[in-house]
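Subject: Structure handover

Dear colleague,

Here is the structure I said I would pass on. My notes on the helix packing, the hairpin and the confidence follow below it.

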Amino acid sequence: MSSIKTLSKTVAEQIEKQIICGAWKVGSQIPTEQELMEQFDVSRITVREAIKSLVSKNVLEIHRGRGTFISGTPGLAEDPLGIKFLHDENITQHFFEARQIFEPEVNRLATLRADEEEIELLGQIARNLDALDALLDGANTPDEVVQAISEKDIAFHTLLCKMSKNPIFERILPVIIKSVRTSYNQFIPRISSGPRVSTHYAIYEAVRDRDPERACQMTIQHLKNSRIGFEERQPAGEGGGGDQSREEPLPDCDKR
C-alpha cells in the first residue's frame, strides 16, 4: 500500500471519529481542504483521497459549489442489503413479508413514544394520502398523482419509524419501505380507480389515541390490504401472483 493510501486511510478514520464523537454534526459542512491539510498535516491529494473514500461509504456528500457535508445517514449506503442484485421475481412479496414482521412492532413503539408534534404531522400526511387517493382513476391516473402518493406513503411509514425512537429501526426500516416505491412502479398501469382500501388514517388514529394494540392491528391490516391489492394487479406470470388462495399467517399483536 502506498504512503498516500495509508495516510488517506488514517485521515478518513480521523474524520469518522470526529463525526462519531459528535464534534462534527450530521448534516453540517466539514472544514475546507486547506483546513484539513493543516489539521492533519498532510498533502491536498491525501485529503482528497480520504474524502473520496468517505463519499463512497456515504459518510460524506459533496455539494457542488458549496462544499463537503456529513451525510444525513452516515455510513448507510443506498442499497446496504444489496437488494438490487437479488434476481428474484418475487422480491416485492419478500418485501411485504419483511414489513409484516417489522412494522407492527415499530408502530406499537411509535404509539408509546411519539411526541404530540410528530403525531400531528402524521395526521397531516394521512389526510393528504386520503385526498390523493380520491384522485385515482385507473390507468388514466396522472403520473404526478401516483408519484405524490408514493412519496407520501413512504413519508408516513418513515415518520412512524422515527417516532419509535429506536435508531436501529430508523436505519433498517427505510430500506424495507423502499418496497412501497417498488410496488407502485410495478402496478402504475393497473392502479385502482377511486380510493384504495387504505388504513393510514386508522393507524394515525390509533397512535393519536395512544392505543398500541390497535396501532399494531391496523398496521397488520394495512399491510395485508397492500399485499392483496398488489397481487390482484399482478398479471399471471409476472411474479408475486403465486397461489393467492393460500393465506399467509400474519403476526398476532395479542401474543407479543
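**Packing around H6**

In the contact between H6 and H8, the H6 side consists of Asp-153, Phe-156, His-157, Leu-160 and Met-163, and the H8 side of His-200, Ile-203, Tyr-204 and Val-207. By class, these are 6 nonpolar, 2 polar and 1 charged residues. Please keep in mind that this is a predicted model. The two axes come within 12 Å and cross at roughly 20°. Since angles under 35 degrees count as roughly parallel, H6 and H8 are therefore roughly parallel to each other. Their crossing is left-handed.

H6 (residues 143-163) also packs against H5 (residues 116-133), at an angle of about 155° and with the axes 10 Å apart. The cut-off for roughly antiparallel is over 145 degrees, so H5 and H6 are described as roughly antiparallel to each other. The crossing of this pair is left-handed. From H5, the contact takes in Glu-118, Ile-119, Leu-121, Leu-122, Ile-125, Ala-126, Asn-128, Leu-129, Leu-132 and Asp-133. H6 contributes Val-145, Ala-148, Ile-149, Lys-152, Asp-153, Ala-155, Phe-156, Leu-159, Leu-160, Lys-162 and Met-163. Sorted by class, the H5 contact with H6 has 15 nonpolar, 1 polar and 5 charged residues.

On the H4 side the residues are Arg-99, Glu-103, Val-106, Asn-107, Leu-109, Ala-110 and Arg-113, and they meet His-157, Leu-160, Cys-161 and Met-163 of H6. This contact divides into 6 nonpolar, 2 polar and 3 charged residues.

**The hairpin**

Strands E1 (residues 60-63) and E2 (residues 67-70) pair in the antiparallel sense, over 4 bridges. Ile-62 has Thr-68 of E2 as its bridge partner, and His-63 has Gly-67 of E2. There are 3 residues between the strands, and in this hairpin Gly-65 takes a positive phi near 85°.

**Confidence**

For the chain, the mean pLDDT is 82, with 77% of the residues at 70 or more.

Regards

Definitions and conventions: Residues numbered from 1 in each chain as written. Predicted model: local features only at pLDDT ≥ 70, side-chain atom pairs only at ≥ 80, totals over all residues. Heavy atoms only, no water. pLDDT = per-residue confidence, 0-100. Axes fitted to C-alpha atoms, helices over the stretch in contact; angles between N-to-C directions. Helix = DSSP H or I, 4+ residues; strand = E, 2+ residues; numbered from the N terminus. Parallel < 35°, antiparallel > 145°, perpendicular 65-115°, else oblique. Left-handed = near helix turned anticlockwise from the far one by under 90°. Contact = heavy atoms within 4.5 Å. Nonpolar A, V, L, I, M, F, W, Y, C, P; charged D, E, K, R; others polar. Pairing = 2+ DSSP bridges.
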